[in-house]
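Try each task before you read its solution.

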Amino acid sequence: NYRSTSAIVGLANRLMRGRAGALRLESVVDADAAAQTNPRTAPTPPEPSITEYADELAEARGVATRIRARIDAGAPPESIAVLMRVNSQSAILERALEEVGVGSRVRGAARFFDQPEVREAVHALRAAALTIAGEPLFKSVSDVLRALGWTAQAPDGPGAVRARWESLNAIARLVDDAPPGTTFRTFADDLRARAEAQHEPTVSAVTLATLHSAKGLEWDEVFIVGLNEGMLPIAYAKGFEAIDEERRLLYVGITRARRRLELSWARRVGHRGEREPSRFLQELGPRTRDAADDRAAAGARPARRG
């Protein structure tokens, strides 16, 4: 495995231990890092963790607080993902991230070039490129984007205004990637070609995605939430084969992480009473941390028993 640390690979191996046809992965990431740095001074990759929360709101806020801390420590938002079993779990996570000032994008929602503000920007840039020539590329592009509400500085706070700014700012950043000597007309034509091919630029936001939609992708840091019985495995998964498919979904999620992996579950979900941790968590082995005793999850509500 050339993606994940040995600690993450070890967790994936434990999940699939004894399953028919399962491969035992070996990580080369730690060995490569040690070969390039002084082993005595190289930072030790964190062990995967499991955190227990009182309810799903506390879980969402706790995860959002952890992500805020990672971004404050220098992690780019686009290098972080929160993975879940079903799309409906994303709404509470979006709100919790907004509360701590972190932007997010739901994978599988409207594609970048299908967003109204992006379509408007592409049209405005192509129209302006027909009449403007001889100016520095960034000035031409930024003048058009400013007319649409973009500013050089990000607006305070999250929400729709910040989401619109992030989309326009992603277009502005494409100027940095343009080859020297690129004209405004060429830039606008290339942007239209990207739109037609759905070649999306990178947006600085945390990714929210289902385990299904995360297949084939990877991030430096991954949070997998909602690891309760009834959610993963999902309640309608009946029989050995169905449960094993749920196990493989969690395996996909675990192996999306390069450097850091955090798993979590909530004792109460909605109004459905007490819930149990996923049977898969019980197989994985690491001791579950109660968020009520974890100062790193300062944004979570105190856990309640009974």
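Let's begin with a count: this is a predicted model, and 20 salt bridges are found in it. The exercises below look at some of them, and then at one helix.

**Exercise 1.** Find where Arg-267 and Glu-52 lie in the chain, and decide whether each is buried or exposed.

*Solution.* 
- Start with the contact: the two side chains form a salt bridge, with N and O 2.6 Å apart.
- Arg-267 sits in the loop between β6 (257-266) and α10 (279-284), while Glu-52 belongs to strand β1 (residues 49-53). The pair is 215 residues apart, and it links distant parts of the chain.
- Now apply the cut-off: buried means under 20% relative accessible area. Arg-267 has 4%, so Arg-267 is buried. Glu-52 has 9%, so Glu-52 is buried.

**Exercise 2.** Work out which helices the salt bridge between Arg-61 and Glu-99 links, and classify the accessibility of each residue.

*Solution.* 
- The side chains meet at 3.2 Å, N to O.
- Arg-61 is in helix α3 (residues 56-72) and Glu-99 is in helix α4 (residues 90-99), 38 residues apart.
- Arg-61, at 23% relative accessible area, is partly exposed. For Glu-99 the value is 51%, and exposed means over 50%, so Glu-99 counts as exposed.

**Exercise 3.** Explain how Arg-248 and Glu-245 are placed along their helix.

*Solution.* 
- The closest N and O atoms of this salt bridge are 3.0 Å apart.
- Both residues lie in helix α9 (residues 240-254), three residues apart, which means that about one helical turn separates them.
- An α-helix has 3.6 residues a turn, so residues three or four places apart point the same way.
- As for accessibility, Arg-248 is partly exposed at 34%, and Glu-245 is partly exposed at 32%.

**Exercise 4.** Name the residues that are linked in a network of salt bridges.

*Solution.* The network is made up of Arg-66, Arg-70, Glu-221, Arg-260 and Glu-262.

**Exercise 5.** Check the span of helix α7 against its number of residues, then find what its buried residues pack against.

*Solution.* 
- Helix α7 (residues 160-177) has 18 residues. At 1.5 Å a residue, the helix should span 26 Å.
- The C-alpha atoms at its ends are 27 Å apart, which agrees.
- Buried residues of α7 include Trp-165, Leu-168, Ile-171 and Val-175.
- The buried residues of α7 pack against α5 (116-129), α6 (137-147) and α8 (184-197).

Technical notes. Residues are numbered from 1 along each chain as its sequence is written. This is a predicted model: local features need pLDDT of at least 70, side-chain atom pairs count only at pLDDT 80 or more; totals for chains, interfaces and linings use all residues. Side-chain values use heavy atoms; hydrogens and water are left out. Helices (H or I, at least four residues) and strands (E, at least two) are DSSP runs, numbered from the N terminus. The expected span of a helix is 1.5 Å times one less than its number of residues. Buried means under 20% relative accessible area, exposed over 50%, partly exposed in between (1.4 Å probe, protein chains only). Contact means heavy atoms within 4.5 Å. A salt bridge is a side-chain nitrogen of Lys or Arg within 4 Å of a carboxyl oxygen of Asp or Glu.
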